[in-house]
Amino acid sequence: MFNTTDMDKKDLYQPETQKREPSTPGILIVTGNKVEDLEFFYPYYRFIEAGYRVDVATPEGGAFEAKHGLKLKSSMKLKDVKPKDYALLYLPGGKAPEELKKNHDALALVKFFAKNQMPIAAVCHGPQLLAAADVARGRRIAAWPEVQDELVEAGATYENAEVFCDENFITARWPGDLPAHVKEVLKCLDACGAATRGMAA
């Protein structure tokens with residue numbers, strides 16, 4: 001008989017397959033408390049479904065809770081991330097980017113990926129980190145409309161588009177853009193061979 005107390009011990013939002021730690025490149029999601037639930041969990045599960053290893057990093061590591069109550073019980077600390085272990089950086093939105101743009105470790109990761117021309121995907125308020133890290137200058141970026149001023153001040157051109165690709169930046173405006181955004185991210189990874197399948201049979 002199933003014991004409901006076992007549920008309290010499990011992270012019901014983390015797939016069993018993610019307990020494995022393959023030594024292959026994967027996808028890094030940088031976020032924190034008050035992330036928009038859909039903008040974290042939709043790509044998180046889609047990337048896993050597509051066969052990629054996905055790690056999540058937050059300022060303090062451990063548990064974090066999304067804007068509408070969904071949560072994971074564990075994440076890496078930002079300061080412990082080795083960016084060379086990953087092929088793509090994903091930045092979901094919500095209220096998390098407002099705090100992350102003040103975090104030295106988060107900005108250092110964004111700068112590393114940008115400097116090395118590695119793919120960075122960001123949705124909604126996620127592009128705030130591109131502006132704060134001073135990597136947006138001269139780039140065309142889609143984002144939540146209220147982020148437009150920050151992007152323009154950082155030297156970027158705002159794009160009101162479902163998904164917009166500018167070299168290694170793949171950006172989108174809001175949750176309804178996620179199907180197109182994630183599809184474009186996966187296409188990018190598959191085309192350039194940037195990531196190795198983490199769940200290979």
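Q: What makes the pair S75 and T58 a polar contact?
A: This is a predicted model, and in it the side chains of S75 and T58 are joined at 2.6 Å. A polar contact needs N or O atoms within 3.5 Å. The value of 2.6 Å meets that limit, so the pair counts.

Q: Which backbone atom lies 2.8 Å from a polar atom of the S75 side chain?
A: The backbone oxygen of G62. S75 also touches G62, along with V56, T58, G61 and F64, leaving out residues up to four places away in sequence.

Q: Why is S75 called buried?
A: Its relative accessible area is 15%. Buried means under 20%, so S75 qualifies. S75 sits in the loop between β4 and β5.

Q: How do you know that the span of α4 is close to the expected one?
A: Helix α4 has twelve residues, 104–115, and reaches 16 Å from first C-alpha to last. At 1.5 Å a residue, 16 Å is expected.

Q: What puts the buried residues of α4 on the same side?
A: The buried residues are A106, L107, L109, V110, F113 and A114. They cover an arc of only 155° around the axis, so they share one side of α4. In general, residues three or four places apart in an α-helix point the same way, because there are 3.6 residues a turn.

Q: Which exposed residues does the face of α4 turned away from its buried side carry?
A: H104 and K115. The buried residues, in contrast, are covered by elements including β1, β6 and α3.

Definitions and conventions:
Residues numbered from 1 in each chain as written. Predicted model: local features only at pLDDT ≥ 70, side-chain atom pairs only at ≥ 80, totals over all residues. Heavy atoms only, no water. Helix = DSSP H or I, 4+ residues; strand = E, 2+ residues; numbered from the N terminus. Expected span 1.5 Å × (residues − 1). Buried < 20%, exposed > 50% of the residue type's maximum accessible area, 1.4 Å probe, protein only. Arc of directions from axis to C-beta. Contact = heavy atoms within 4.5 Å. Polar contact = N/O pair within 3.5 Å; in protein donor to acceptor, adjacent residues only side chain to side chain.
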